Amino acid sequence: MREGRHVEGEVAALSIGMTLEKRAIAQFSALRKTAAGDPRAEKIFSDLVAWEQDHLEVLTRQYEQMREMYWEEARFWPF
């Protein structure tokens, strides 16, 4: 059961990280719109959006793996 609590903490941390990445993507996307007409600024914000999306994908994969491990430990299989 001790490992289950450890996994819970990791899943919570990953969830928080995913939320922060989503917020960063939204913020940089909005800033990209305000930079319309300035190709350099638009590229910077586009690159930042892509970078944050990469982070989100990594965190999402880790989250899903941890969730499955937690469910397996708990002998829980969702329908």
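Visitor: Why is Glu72 called exposed?
Guide: Glu72 has 58% relative accessibility, and exposed means over 50% relative accessible area, buried under 20% and partly exposed in between (1.4 Å probe, protein chains only); therefore Glu72 counts as exposed. This is a predicted model in which local features need pLDDT of at least 70 and side-chain atom pairs count only at pLDDT 80 or more, while totals for chains, interfaces and linings use all residues. Residues are numbered from 1 along each chain as its sequence is written, and side-chain values use heavy atoms, leaving out hydrogens and water.

Visitor: Where is Glu72 found?
Guide: Glu72 belongs to helix α2, residues 39-73. Helices here are DSSP runs (H or I, at least four residues), numbered from the N terminus.

Visitor: What makes Glu64, Glu68, Glu72 and Glu73 a patch?
Guide: These four gather on the surface as a patch of negative charge. Patch members have over 30% relative accessible area and no salt bridge, with like charges joined within 9 Å. Glu counts as negative, and the place of its charge is taken as CD. Glu72, at 58%, passes that accessibility cut-off.

Visitor: How do you know that Val7 is buried?
Guide: Its relative accessible area is 5%, so Val7 falls under the 20% limit.

Visitor: Why does Phe28 count as buried?
Guide: Phe28 has 19% relative accessibility, and the limit is under 20%, so Phe28 counts as buried. Phe28 lies in helix α1.

Visitor: Which residues have the most contacts inside the largest nonpolar core?
Guide: They are Phe28, Phe45 and Met66, in a core of 14 residues. Helices α1 (2-34) and α2 each supply at least two of its residues, and α1 gives the largest share, 7 residues. A nonpolar core is a set of buried Ala, Val, Leu, Ile, Met, Phe, Trp, Tyr and Cys residues joined through side-chain atoms within 4.5 Å.

Visitor: What makes Asp47 and Lys43 a salt bridge?
Guide: Their closest N and O atoms are 2.8 Å apart, and the definition asks for a side-chain nitrogen of Lys or Arg within 4 Å of a carboxyl oxygen of Asp or Glu, so the pair qualifies. Both residues lie in helix α2, 4 residues apart, about one turn of the helix. The whole structure has 1 salt bridge.

Visitor: Why is Asp47 called partly exposed?
Guide: Asp47 has a relative accessible area of 41%, which is between the limits for buried and exposed, so Asp47 is partly exposed.

Conventions:
Patches are made of residues with over 30% relative accessible area and no salt bridge: like charges are joined within 9 Å, nonpolar side chains (Val, Leu, Ile, Met, Phe, Trp, Tyr) within 5 Å. Accessible areas come from the Shrake-Rupley method with a 1.4 Å probe; for residues, only the protein chains shown count as cover.
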